[in-house]
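Colleague: Please show me the model. I would like to go through the terms used for it one by one.

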Amino acid sequence: MFQDQLVSYSGVQPSGNLTIGNYLGAIRNFSTYSEKYKCFYCVVDEHAITVRQNPAELRRRTYETLALYMACGLDPDKNTLYVQSHVHEHAELAWILNCYTMFGELSRMTQFKDKSSKHSDNINAGLFTYPTLMAADILLYQTDVVPVGIDQKQHVELCRDIAERFNQLYPCTFTVPEPIIAKSGMKIMSLADPTKKMSKSDENVNAVVYILDDRDTIIRKFKRAVTDSETCVRFAEGKDGINNLISIYSCFTGKSFDEIEKEFAGKGYGDFKLAVGEVCADALSPVQEKFRELLSDKAALEAQMRKGAEEASYYARRTLGKVQKKLGFVKL
Ligand code: TRP
């Protein structure tokens, strides 16, 4: 669809609460992606309503998510950034794909099992068919690669199965996408329990550093980070807390683990934690400033949303039209 350019597609939940794990593991590298791929980034507000949302908050977070991605360096002239509900083809293709997805397949999704136990008062059909909407997102753009976290791999695999099944019945309809899973080396762990991944939904606020945390908060969280009973800053098996801090320091400064061990030789954990907090706060400060600037101009953000939706619609319309024709829908 894009001559010789490969397509990369990713969806992001409308939540301003991105963490330094999201930043270091994924968002910071987006600009290198756009050199290699035609990239789509979609704020998935329709996925968000599979659990109850406060309308004012959902609206605010949709603006914030777009602004935050742009503040982190995602260039809207080189990538297509848009909001899912602005392109009606997503919901339409999702319905069609529902008819080519098996009840049993959806029942096996671990995210559905997790979320339905967490929200046992609201196990709605949307929560169950969440993966077919995600498949529609991906397949509308004839996507080649889907960069996701490991937790979404199962959904991308289901998307492949749906695409292959559909192509078998109606040849050459969809490109079958490959997941690209972020390297685990870049995995940033919780500051409270460094054997667990840092997660934006962690209930312990001290476990997570958010991109939008202010300087004092960032430094305080690093000071409280769980470490071990040694005192020497070195990367070693069993020192999960210190290993995590060394990785974070390395990601922000570009220094190797060796260099870091030398830099802090003879110093205690207290000095090291403060240094990690400081480099993190320094690196995030320009992102935060840009975020506030973008968010202060709603009209400009809306213009951006409109432009993204127009670009996305062009491709979405083509794929949906092709699908409807193959299915035997009457085209007027
Ligand atoms: N389900 C993804 C998540 O929770 C978000 C998402 C929606 C997505 N549609 C997508 C990711 C398409 C990749 C491709 O993180």
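Modeller: The centres of domain 1 and domain 2, taken over C-alpha atoms, are 32 Å apart. This is a predicted model, where local features need pLDDT of at least 70, side-chain atom pairs count only at pLDDT 80 or more, and totals for chains, interfaces and linings use all residues. Residues are numbered from 1 along each chain as its sequence is written, and side-chain values use heavy atoms, with hydrogens and water left out.

Colleague: What are the bounds of domain 1 and domain 2?

Modeller: Domain 1 is 7-181 + 298-327 and domain 2 is 205-292; such bounds come from an automatic or database domain assignment.

Colleague: How many residues of domain 1 and domain 2 are in contact?

Modeller: Contact means heavy atoms within 4.5 Å, and 14 residues of domain 1 meet that with 14 residues of domain 2.

Colleague: What area do domain 1 and domain 2 bury between them?

Modeller: About 1200 Å², 80% of it on carbon and sulfur atoms. Buried area is the accessible area (1.4 Å probe) that two parts lose on being put together, summed over both. Of the area that domain 1 buries against domain 2, Ile20, Tyr23 and Ala71 supply 41%, more than any other three residues.
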